[in-house]
Amino acid sequence: MSREGAADNVRAGRNDVNRAQSVNLSSHLRPWLLLKNLCGPSPGWTLSELSEELGVSQKTVRRDLAQLQKVGFPIQQTVGTHGRKTWTCHSDQMLSKLSLTFEEAAALYLGRQFLEPMAGTVFFKAAHTAFRKIRTALTKETRQYLEQFSSVFHQTRLGSSDYRQRGEIIDTLMIAIEDQQVTRLLYFSMNSKTPKEVILHPYGLAYHRSSLYLVAFAVKYNELRHYKIARIHDIEMTSEQFEKPDEFTLHEHLRTAFGVYQGNEKQYHISVRFSADVARYVQEHHWHETQTLTPQPDGTLLLELQLSALEEFKSWILSFGAKATVEEPAELRQMIMQDLENSLKNYAVQATFKQGGNTK
């Protein structure tokens, strides 16, 4: 199929996806929206109104209401004039025992900056509504005083992704993950200039170094792959369902990865010696759950761990320059030596070019 044909297919499905946002609301998102409506300013909702709002049957709404009541939400039915039955959630009852000290409210308000990398995700808007309420409760002078403390903590955003314009994509993915719906993406790979169509079984989302990644089974390649959310050009959730393996968990899947890059079935035993200059820095951090750190008599530090892929770990080791030396495996040593040789060649070419330019 041509790129234009793939794009047409996804765009043609866009309206269906928008309608399906409510019709196919997952067991995770539907109760969230149900509670949002019931706890809102409306004096009450009828079953038919909730059914229409969420795009599901009244039977499904009843089942969700019963489940929410079972876990402790104060949801009640009221019979009004002419026997009209409405449902509401008396959230004030649940939150009546919730009281924040000034210190707690101020800490939450000042900590709002740490949610910024998640802008566009499903709970971001609700969190900001809470922050606005705290802000309203504070006087202008109090807010100005508190903002002085915001400079005490700073979150670096180097290389982070911005999801403010990708809320719909993330919402659709969360629904597809929960309901196990086959999903079609138009996706930019690392080196592609145009998006390509991929058919996926989405399993979950991973947050790594300020970026979101989709972990999904790629039908064409018959294997699990990872897709960076920022590279998704368009998305369509189909009506077809898939079966996710019962034994699959994101934690186990990523356990042998040094981040989000996953290799094949091969496992590497890795041993790296760090110079005394950086030994303390390495010891101060937890890098991987399989790691062992062994201080050496000469002040160096030996790091050992098990990984299924080398590429991401190689980039991390190169960031230490001459202060880190790979002892094994030989394959990783060769990869690093090749990168260093290529870098030297590039610098040599640049130096020669500049010298030649200066002599003219």
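Predicted model: local features only at pLDDT ≥ 70, side-chain atom pairs only at ≥ 80, totals over all residues.
**Reading exposure and salt bridges**

Q: Which residue does the side chain of Asp277 meet in a salt bridge?

A: A salt bridge is a side-chain nitrogen of Lys or Arg within 4 Å of a carboxyl oxygen of Asp or Glu. Here, the partner of Asp277 is Lys323, at 3.1 Å from N to O. Lys323 sits in the loop between α12 (311-318) and β11 (324-328), while Asp277 belongs to helix α11 (residues 276-283), so the pair ties together parts 46 residues apart in sequence. Those element names come from DSSP runs numbered from the N terminus: helices are H or I with at least four residues, strands are E with at least two. As for Lys323, a relative accessibility of 34% makes it partly exposed.

Q: How many salt bridges turn up in the whole structure?

A: A search of the whole structure gives 10. Some share partners, and that joins Arg184, Glu197 and Glu236 into one network.

Q: Where in the chain do Lys266 and Glu331 lie?

A: First, find their salt bridge, which is 3.6 Å from N to O. This pair links distant parts of the chain: Lys266 is in the loop between α10 (250-254) and β8 (268-274), Glu331 is in helix α13 (residues 330-359), and they are 65 residues apart. Lys266 has a relative accessible area of 43%, so it's partly exposed. Glu331 also counts as partly exposed, at 37%.

Q: What is the distance between the closest N and O atoms of Glu252 and Arg255?

A: They are 3.4 Å apart, and the two residues form a salt bridge. Glu252 is partly exposed, with 45% relative accessibility. Arg255 falls in the partly exposed class at 29%.

Q: Now a leucine: why does Leu98 count as exposed?

A: Look at the percentage again: Leu98 has a relative accessible area of 56%, so it counts as exposed. To find Leu98 in the model, go to the loop between α5 (91-95) and α6 (102-110).

Note on methods:
Residues numbered from 1 in each chain as written. Heavy atoms only, no water. Buried < 20%, exposed > 50% of the residue type's maximum accessible area, 1.4 Å probe, protein only.
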